[in-house]
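Opening the notebook on a new model.

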Amino acid sequence: MAEKIRSYDSAAIRITYDLVRCIHAAECVKGLPRVFDPDRRPWIDPDQASADEIATVVSRCPTGALQFTRLDGGAAEGVPPENAVRVVPDGPLYLGGYILLHTTTGPEREERRLALCRCGLSDHKPICDGRHVARGFQDPGDVRARSDAGLAPEGAVEILPQPDGPVIVRGRFRLVDGQGRDLGVREKAVFCRCGRSSNKPFCDGSHVSASFTTD
């Protein structure tokens with residue numbers, strides 16, 4: 001899971017940008033176009049807004065491609081009040097909350113915002129790198145089964161990619177389908193990441209017949 005991170009500093013805040021994780025959700029451009037302007041070089045200018053404004057908009061980046069560090073003593077990004085997994089139509093899973101990402105290539109990583117590949121085409125699995133767009137991945141993200149609404153979506157959520165298989169999400173999280181419907185809270189789900197399941201977004205074992213390979 002390679003990283004290509006660039007840094008942009010003002011006296012008050014440092015913005016870091018991970019090219020691998022960016023899939024052009026454009027929350028930054030819509031939120032603060034004077035700071036985030038893709039037609040300018042460099043495209044990020046943190047001197048164009050206050051550190052508080054920048055921190056607020058960076059925290060909306062659903063993939064975690066943008067992060068910030070306060071250099072003026074301001075507050076770091078907090079943990080969201082609840083964990084959520086949102087299925088993006090024709091796209092990845094967006095995760096937000098207290099996330100613990102486990103991989104076979106390094107130590108456990110703590111995240112607040114993350115996009116997980118579910119088309120099977122990313123070159124940086126389990127992270128989505130946007131290849132679903134160019135390769136025409138299609139899935140509306142409909143989920144029919146509801147969950148236990150009596151649970152609170154709190155605590156840590158563990159992300160456990162399985163070698164040559166699905167990704168297990170374990171811990172209490174709110175599930176939102178591709179139509180924006182709140183399906184309640186789950187404690188565990190096994191999500192397809194080969195792109196072949198007939199029960200998307202969940203795994204149905206199709207990775208075996210598809211000879212899906214990933215570490």
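I began with secondary structure in this predicted model. I count four helices and nine strands in the chain. Reading from the N terminus, I get the order β-β-α-α-β-β-β-β-α-β-β-β-α.

Next I looked at overall shape. I put a box along the principal axes, and the C-alpha atoms fill roughly 50 × 40 × 35 Å. Does the radius of gyration agree or disagree with a compact globule? It agrees, because a compact globule of 215 residues would have a value near 17 Å and the chain has 18 Å.

I then checked burial and contacts. Of the 215 residues, 49% count as buried. I took contacts between residues at least 6 apart in sequence; 54% of them join residues at least 24 apart.

I get an accessible surface of about 10,400 Å² for the chain, and carbon and sulfur atoms hold 47% of that. I find 29 positive and 30 negative side chains. The centres of the two sets lie 4 Å apart.

Last, the cysteines. How many disulfides does the structure hold? I find zero. I wanted to know why, so I looked up sulfur distances for Cys22 and Cys117. A disulfide needs the two sulfur atoms within 2.5 Å. For Cys22 the closest cysteine sulfur is in Cys61, at 6.8 Å, so the pair is too far apart for a bond. For Cys117 the closest is in Cys119, at 3.8 Å, which is also too far for a bond. I noted accessibility too: Cys22 is buried at 15% relative accessibility, and Cys117 is buried at 6%.

Terms used: Residues numbered from 1 in each chain as written. Predicted model: local features only at pLDDT ≥ 70, side-chain atom pairs only at ≥ 80, totals over all residues. Heavy atoms only, no water. Buried < 20%, exposed > 50% of the residue type's maximum accessible area, 1.4 Å probe, protein only. Helix = DSSP H or I, 4+ residues; strand = E, 2+ residues; numbered from the N terminus. Rg over C-alpha atoms; globule rule 2.2 N^0.38 Å. Contact = heavy atoms within 4.5 Å. Areas by Shrake-Rupley, 256 points an atom, 1.4 Å probe, with all protein chains shown as cover. Lys, Arg positive; Asp, Glu negative; His and termini not counted. Charge placed at Lys NZ, Arg CZ, Asp CG, Glu CD.
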